Amino acid sequence: MFRTFDHFNVKTVDKPYISALGTQYEQTAIISFYDSANHLLSTRDFGVANIDKIYNEIEQERIIVLDEAYIQNFSITAWRRLNLIDKNEFVAIKKIIANDAFFNVFNNVDFSYIALEACETNFNNSVFYGGDLSFSHSVFSDVDADFSYITHRKGGLVFNSAKFTGGGLSFKNSIFCHGEKNFQYAKFEHSYLDFTNCEFNDGDINMVDTRFTGGLSFKVARIGKGNVNFQFARFTTKEVSFDRVVFGEGNIDFRTTEFENVKANFNRSIAGNGSWDFSGCEANDGKLTFKKVLFGSGTVDFSEVIFNRTDLNFSRAETQEALIKLENARLHNVDFSYCFFNRYLNFRLHSAQRIDFKNAIVRDILDLNLPKEGQPVPMLNFTDMSLPGLLYIDWKRNRVEQAIYNQNSLTSDYEKATQFLMLKENFNTNGQYESEDLAYVEYRRCIARSRLSNNGGGINQKVLRGFLYGLDRVLLDYTGLYGTSPTRVFTTMIMVYVLFSLGYLAIILGGSGDIVVSVGAQYDLSLWSKSFYHSAITMLTIGYGDHFPVGIARGLSAVQGFIGMLLLSYFTVSLVHKILR
C-alpha cells in the first residue's frame, strides 16, 4: 500500500476474502490508490466488514476483529443511538484487532467513550480516511494500543480527555494529515505516548493541560506549519524526548508547563522560525537539554521560569538569529558553551548557580545586569568566549570577581586571566573605567600565579619564579594595584617616607650615623626635624645639600632615593592614567 496516496477508488465484488489471521469476509473490496496527478500507485484487496455484525459484536461485548477489513462509517456514537444509550455512557470493549484495515467515513472514525482493560488494541498499518479518528474520553487500563504505521487522511486525531493507566499508546512511523492532533486534558498515568518518526504535516498538536507520568517521545518526528501547544501540561518521572525533531514554522508553547524529575531532551532538533515559549515553566530535579539544536529567527523565551535543581543545557546549539530571553528566570546550572549568538540576549535573570559561556561567540549584546531583586550568579565561566559585541554586567552587583574565582579547579589561572582580560577590554569599550581597572588587576594577579605554578625547569627556575612573583606582588600589586590606583601609590609613598624617617632617627640615636648640617648653613635642626626633613628631600630627589648623611645613614639614603624615584614614576603613570580617562 502506498502510504502517501492522494485519493482512491473502491470496487466491491462478491468474492470471499480471508485475512492472514484467518478472519473470513463474505465480500472483497478492491481499492486502487492514486497520487494527486491521478496516477495509479497501487491496488490492494480488503475484506468488506459488515457494520451490523460489528455493532452486534459490541453489544455482545465480544472481540472486535477487523484485520485487513474495509470498514465504512463506523461510529460508536451511532451504535449508542441505535440502542438508545446516552452519548456519554462508556462502552466496554473486550479487544480490538484492526491491523491493516481501511476505515472510510464521511464524518468520524468514532471510538469515543469506550473502555478497554488488560487487552490488545491493534490498528497497526491501518488507513483512516475522510474524518477524525476519535477516542475522545475513552479509558485504557493496562492496554498497549498500537497505532504504528497508520496513514491518516483528511481528518484530525482526537484523544481529548482520554485516560491511560499502565500500558501505552504508540503511533510510531505514522503519517497524519493537516488536521489537529488533540490530546487536551488527556491523562497518561504510568503510560507512555510514542510519536517516534511520525509525519505530522501542518495540523496543530494540542497537548494543553495533559498529564504524563510514563514518558513521551517525538523522536525524529517531522512537524509542519502547525503550532505545538503543551501549555499547563505536567510531566513526571520519565524521559521526554524531542530528539532530532524537525519543527516547522509554527510556535512551540510550553508556558506554565511543569516538569517533575524529568529529563526533557530537544537535542539536535531543527527549530524553524517559530517562537519557543517556556515562560512561567517550572521544573524540579531534572534537566532540559537543547544540545546542537538549530534555532531559527524566532524568540526562545525562558522568562520567569523556576528551575529548582534543574539544569538548562544549550551546548553547541546554533542560536545565531534566535532572540533568547531569560529575564527574571530562577535557574540552576546553565550551559551556553560553544554557542553562536547573533542577536540581543536578555539574561537579566533573577538567580542561577552557574552560567557557562565557554567558547561561545557573542556578536550583539549580552545583558547580564541584575534586575531589581536579582541575585548574583555564584559562578560565571567566560573561558575563550569571543566578544565582538558587548557584555553588560556590573562588576560589583554581579560580584564578577568572585564568580570567576569560584571556577576553582575547573579552569587554570591562565584561563581565569584571559577571562578577566576579556572583561577589562569590554569595560573599556563600555566606558566602565572603574570596572576596567578592577578586571585588569585580577588579570595581572592571575597571570602572575600562572607563571609561578609553571612546573617546568629545575630548582633554580622555581626559586627564580618565586622571587619574581614576590617582586610583582610587592612592587606592582601592593604598591599601586598595577598602576590603576594613584591613591594607593601615594599612600605607599607616605608609608615609605615615614619608615625611612624613623630609620634615620634610630641611626642617630644608636650612634652609628648622623644627619649633619653643611658648612655655611646658618641653622641646624632638631633631631626629629633632621630625620624627617632629610627623608623628604631624599625621597623626592630634591637634594638641597644643606644637610647630608654620615655613616650608615648614607647607605639608607641611597636606597631611599632609588625607591623614591620608582614611586614617583609609578605615581605619575597611575595619575596620568586616571586623568586621561
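Where is the place of S136? The account below, which concerns a predicted model, begins with that residue.

## Residue S136

S136 is located in a loop, between strand β15, which spans 132–134, and strand β16, which spans 139–146. Its relative accessible area is 10%. Because buried means under 20% relative accessible area, S136 is classed as buried.

The side chain of S136 is joined to that of N160 by a polar contact of 3.0 Å. When neighbours within four places in sequence are set aside, the residues in contact with S136 are S112, Y113, V158 and N160.

## Helix α1

Helix α1 comprises residues 51–59, and within this helix I54, Y55, E57 and I58 are buried. Viewed down the axis of α1, the buried residues fall within an arc of 155°, so they line one face of the helix. The exposed residues D52 and K53 are carried on the face of α1 that is turned away from its buried side.

Several elements contribute to the cover over the buried residues of α1, including the strands β6 (63–65), β7 (69–72) and β8 (91–92) as well as helix α2 (76–82).

## The ends of helix α1

At the start of α1, N50 places a side-chain oxygen within 2.9 Å of the backbone nitrogen of D52. Just after the helix, E61 adopts a positive phi of about 55°.

## Residue F46 in strand β5

Strand β5 covers residues 40–48 and includes F46. The relative accessibility of F46 is 0%, and F46 therefore counts as buried.

Between F46 and Y70 the separation in sequence is 24 residues, whereas their C-alpha atoms are 5.7 Å apart in space.

Empty space can be located by rolling a probe the size of a water molecule over the atoms. In this structure there is one cavity of 30 Å³ or more. The largest cavity contains about 50 Å³ of space.

Which residues line the largest cavity? The lining consists of F347, R348, L349, L368, N369, L370, P371, V377, L380 and N398. Sorted by class, seven of the lining residues are nonpolar, two are polar and one is charged.

Note on methods:
Residues are numbered from 1 along each chain as its sequence is written. This is a predicted model: local features need pLDDT of at least 70, side-chain atom pairs count only at pLDDT 80 or more; totals for chains, interfaces and linings use all residues. Side-chain values use heavy atoms; hydrogens and water are left out. Buried means under 20% relative accessible area, exposed over 50%, partly exposed in between (1.4 Å probe, protein chains only). Helices (H or I, at least four residues) and strands (E, at least two) are DSSP runs, numbered from the N terminus. The arc is that of the directions from the helix axis to the C-beta atoms. Contact means heavy atoms within 4.5 Å. A polar contact is a pair of N or O atoms within 3.5 Å; within protein, one must be able to donate a hydrogen and the other to accept it, and residues adjacent in sequence count only if both atoms are side-chain atoms. On a 1 Å grid over the protein atoms alone, a cavity is a set of points where a 1.4 Å probe fits but cannot get out, and a pocket is an open set with protein on both sides within 12 Å along at least five of seven lines; lining residues have an atom within 4 Å of a point. Grid points are joined across faces, edges and corners, and a volume is the space filled by probe spheres set on the points. Ala, Val, Leu, Ile, Met, Phe, Trp, Tyr, Cys and Pro count as nonpolar, Asp, Glu, Lys and Arg as charged, and the others, Gly among them, as polar.
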